[in-house]
Amino acid sequence: MTTKMAPNVRSVGVPGKRTVYSMCGMCAVRCPMEVTVEDGKVSWLQGNTRDKAIGASLCAKGAAGIAFEYDDQRPQTPLIRTGARGAGQWRRASWDEALNYIADKLKDTVEAYGARGIALSDRGGFFNDLARTFVKALGSPNYFNHDATCGGNVHNAARSIFGFSHAALVPDFNQAKHMVLYGRNIVESLMVKEVKAFTAAMSRGMRCTYIDPRASATACRATRYWQVRPNSDYALNLAIIHEVLKQEAYDKDFVERYVSGMDALRAAVKDTTPEWQESHTGVSAQQLREFVTEIAGQAPQVIFNPGWMTARHKQSFHVSRTALILNALMGNLETPGGYVIAKRPQYYGRNNLKPLAARAPAVTEPRVDGAGTTHPTWDPAIGMLHQLFAAMETAQPYGVGAYIAYRHDPITAMPDAEAVKRALDKLKLIVSIDVRYSETGWFADVILPESTYLERANILAGLPGPVPVFVMRDQAIAPRFDSRPAWWIFREILRRSGNKEALDFETVEEIWNYQLEGTGVTVAEMRESGVVSLAAAPKLAPRDALKFLTPSGKIEIDSELLKKAGLPAFPPYEVKEAPTGERFNLLFGRPSTLAHGQSLNNPLLKEIAPEQLLWIHPDRAGPLGIRDGEEVEISGGGAYVGQIKARVTPLIHREAVFMLHGYGATVPLATRALGVGVADQRLQHGKLYDFDPAGGGNALTETIVRIKPAAAGGAKS
Ligand SMILES: Nc1nc2c(c(=O)[nH]1)N[C@H]1C(S)=C(S)[C@@H](COP(=O)(O)OP(=O)(O)OC[C@H]3O[C@@H](n4cnc5c(=O)[nH]c(N)nc54)[C@H](O)[C@@H]3O)O[C@H]1N2
Ligand SMILES: Nc1nc2c(c(=O)[nH]1)N[C@H]1C(S)=C(S)[C@@H](COP(=O)(O)OP(=O)(O)OC[C@H]3O[C@@H](n4cnc5c(=O)[nH]c(N)nc54)[C@H](O)[C@@H]3O)O[C@H]1N2
Ligand code: SF4
Ligand SMILES: [Mo]
């Protein structure tokens, strides 16, 4: 094994002790972080103390970054598949060989399908200018992020109402009086800054209404908990809006000035009374009325926080939309204690980072998923990944031949792993760029090991916010193995594909200098603290001059985008049949100590990971002969059957079972995670192409599973 430093990076193996400002990479939150390096090794990790919102805090996963770094169970060189897909036979390859192999297959793809036959998906977020530029420079419109199974529905709902993403709505925890959370499990599915702000707000007396069929740890902190029926939040919201209008608990001035479509809203909620929703949600009419009376006295410091996923079913978009409409009714936008709208640098008279994507020629080909065209409500900037898999299978609307999964593990992240594999198997080329052996990597043709977040530098990122910032992830240590940073990998593929201009930089510093041109910020300043603020203090926009990015400039309850899509603004609530007998809705979530499927093989996190249990209500478990602590068999209708221990508890709604996501891995080289627990995504059989038509997101929580006591001595899948 050669231990070689990636070319064109700073010499980092210097003796002595120093601090490098970076960003944690143990989950996608990317908290600002200080890395202590002693004699070329990482000796300590903590939050970036120059950023007061985080201080020295990291979560357990962040703190396990050292264990991740010094774990050898990861791809150490490029690997090229030698056996059948997924069979696990590989040969080590040099970077030249692997990159040439990829370039050849990309050429075949372009010959067969045109450049649009190349697609890439990634985890989105801060640094996505790089991957977008890469795809654009290849001449393809087909960049996707992961949002089909994450925040897609919420994002597209916000886009239909405000014209911008829900990520642009920043809750003012300092002054909020009441926060309503829809399955947003803030204290476990955590972001360090947010959970600190939430905990502080609760200590100072903020009220919290938490809505979830399962009593999560956040439910335990909340002042009100509603154990709603699964997938019923839309009915709840229609009734809350009905009551808010009836009690006149909304901000009339704000609505008058900024909201269009109140007539449509009134018509939609005319009959959705608190009594009407009772049988749909399980929340009593009286409790709902009391809630509305309470928030009437707290508005506008009341925040309806739809989180990222607001359930994942075929009306999720409308759950999110109605939650966002409630914010508009509260008049809480750009108000202390409400939602602050994230600002770009221009708002404070500063320039943003120069986009790399501008260096690549425009692509005029239509997207393969129809986002923005046949599906006007789906944001073309992020796409809808399941439709890429559909195109792989059907070659409609056109064929796709090559796919790069960069920082993304769709065989874990998308429902129905077998269906994902069937689609992938049609391709000429599957590449995984990862820091560990993912399920997708194991099925790929080529694995390219990216240097870890401690071993590499990223491009700079500009983050909008109450105060916009530029952030840096600098390289802390030399790569331990023969890996490379993504910017280098993409540059090399482009060079070999005859499209080199867009990313033709020799060093990451060259990229940084390009990005910083005209901003008044220098690389040295970035290195000094890792985070540079573009204003001294946040400044709210004047309330009488708010501008929304919708076609009308207003908050569009009667959305132009929905009209264009031929979709109703307020479809009738779809009544949910209650599963009975052996049948349950499968719900899922995360523990605070694991990030998706990527953490269970970490030597430290494996030790503290909770045992994966199946939460089931005593009223349903009893008749099935299922007892607390005993093994049950769970199946989702496909070939995959799991065995898991029951946790019999009233903390889960009668109609649902709940399990943690991130278990049930199958890669033999990741020995600590191998075969531990059950993979919820494999139980989501038949769900790859089942989605919310308006939001586009997969209908994961509509999965029905069957549960029965495990046969004594039954084999574990
Ligand atoms: N059934 C089910 N499906 C789900 C979910 C669920 O709870 N249940 N959750 C959904 C949600 S919310 C999301 S966000 C998605 C998440 O799905 P993914 O985005 O696929 O998950 P992650 O584990 O965050 O990261 C993806 C891959 O990036 C790799 N990676 C980590 N760091 C780096 C790096 O520095 N460089 C590179 N190149 N790779 C890196 C990881 O090893 C991992 O293989 O899954 C969704 N799908
Ligand atoms: N520790 C840790 N933190 C993380 C992550 C991680 O992997 N690990 N991932 C990050 C990412 S990518 C994301 S997207 C966020 C996700 O953060 P959250 O949005 O908080 O998501 P989950 O943890 O999946 O929790 C989902 C909750 O929704 C509930 N739920 C299911 N169906 C319904 C329903 O119909 N209505 C309502 N109201 N609730 C329902 C489930 O019971 C569960 O408790 O977490 C982020 N933070
Ligand atoms: S939430 Fe935890 S794992 Fe995620 S970036 Fe922050 S410290 Fe790291
Ligand atoms: Mo997510």
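A polar contact here is a pair of N or O atoms within 3.5 Å; within protein, one atom must be able to donate a hydrogen and the other to accept it, and residues adjacent in sequence count only if both atoms are side-chain atoms. With that in hand, look at ligand 2, where a nitrogen atom sits 2.9 Å from a polar backbone atom of L190. This is a predicted model, in which local features need pLDDT of at least 70, side-chain atom pairs count only at pLDDT 80 or more, and totals for chains, interfaces and linings use all residues. Residues are numbered from 1 along each chain as its sequence is written, chains are lettered from A and ligands numbered from 1 in the order in which they are written, and side-chain values use heavy atoms, with hydrogens and water left out.

**Ligand 2**

- Ligand 2 is surrounded by 30 residues (a residue is near a molecule if one of its heavy atoms lies within 4 Å of it), and the closest are N185, S189, D212, N231 and L594.
- Side chains also make polar contacts here: a polar atom of K61 is 3.1 Å from a nitrogen atom of ligand 2, and an N or O atom of R590 is 3.4 Å from an oxygen atom of ligand 2.
- On its own, ligand 2 has 910 Å² of accessible area, and the protein covers 98% of it; accessible areas come from the Shrake-Rupley method with a 1.4 Å probe, and for residues only the protein chains shown count as cover.
- Strand β22 (residues 583-589) contributes the most to this shell, with three residues; helices (H or I, at least four residues) and strands (E, at least two) are DSSP runs, numbered from the N terminus.
- Sorted by class, the shell holds 14 nonpolar, seven polar and nine charged residues; Ala, Val, Leu, Ile, Met, Phe, Trp, Tyr, Cys and Pro count as nonpolar, Asp, Glu, Lys and Arg as charged, and the others, Gly among them, as polar.

**Ligand 1**

- Around ligand 1 there are 25 residues, of which R123, D409, A413, D434 and R436 are the closest.
- A side-chain N or O atom of H661 is 3.1 Å from a nitrogen atom of ligand 1.
- The protein buries 96% of the 900 Å² that ligand 1 exposes when taken alone.
- Both β16 (429-434) and α24 (680-683) supply at least two residues each to the shell, which divides into seven nonpolar, nine polar and nine charged residues.

**Ligand 3**

- The shell around ligand 3 includes the cysteines C24, C27, C31 and C59, along with K61, L190 and V192.
- Nine of its residues are nonpolar, one is polar and two are charged.

- Six residues of α6 are buried, namely V192, E194, V195, F198, A201 and M202; buried means under 20% relative accessible area, exposed over 50% and partly exposed in between, with a 1.4 Å probe and protein chains only.
- Those buried residues pack against β9 (178-182), β10 (207-211) and α7 (217-221), and α6 is followed by G205, whose phi is positive, near 115°.
- Helix α12 (residues 285-296) reaches 17 Å between its first and last C-alpha, close to the expected 16 Å for its 12 residues.
- A285, L288, F291, V292, E294 and I295 are the buried residues of α12.

**Loops and backbone geometry**

- Most residues other than glycine have a negative phi, and most peptide bonds are trans.
- A cis peptide bond links A299 to P300, with omega about 5°, and P300 is in the loop between α12 and β13 (302-305).
- The bond from Q396 to P397 is also cis, with omega near -5°; P397 belongs to the loop between α14 (385-394) and β15 (402-406).
- D39 has a positive phi near 45° in the loop between β2 (32-38) and β3 (41-47), and D39 counts as exposed because its relative accessible area is 57%.
- E248 has a positive phi of about 50° and lies between α8 (233-246) and α9 (252-258).
- T550, in the loop between β20 (531-533) and β21 (555-556), counts as buried because its relative accessibility is 8%.
- Leaving out residues up to four places away in sequence, T550 touches S160, I161, F162, G163 and E556, where contact means heavy atoms within 4.5 Å.

Note on methods:
Expected span 1.5 Å × (residues − 1).
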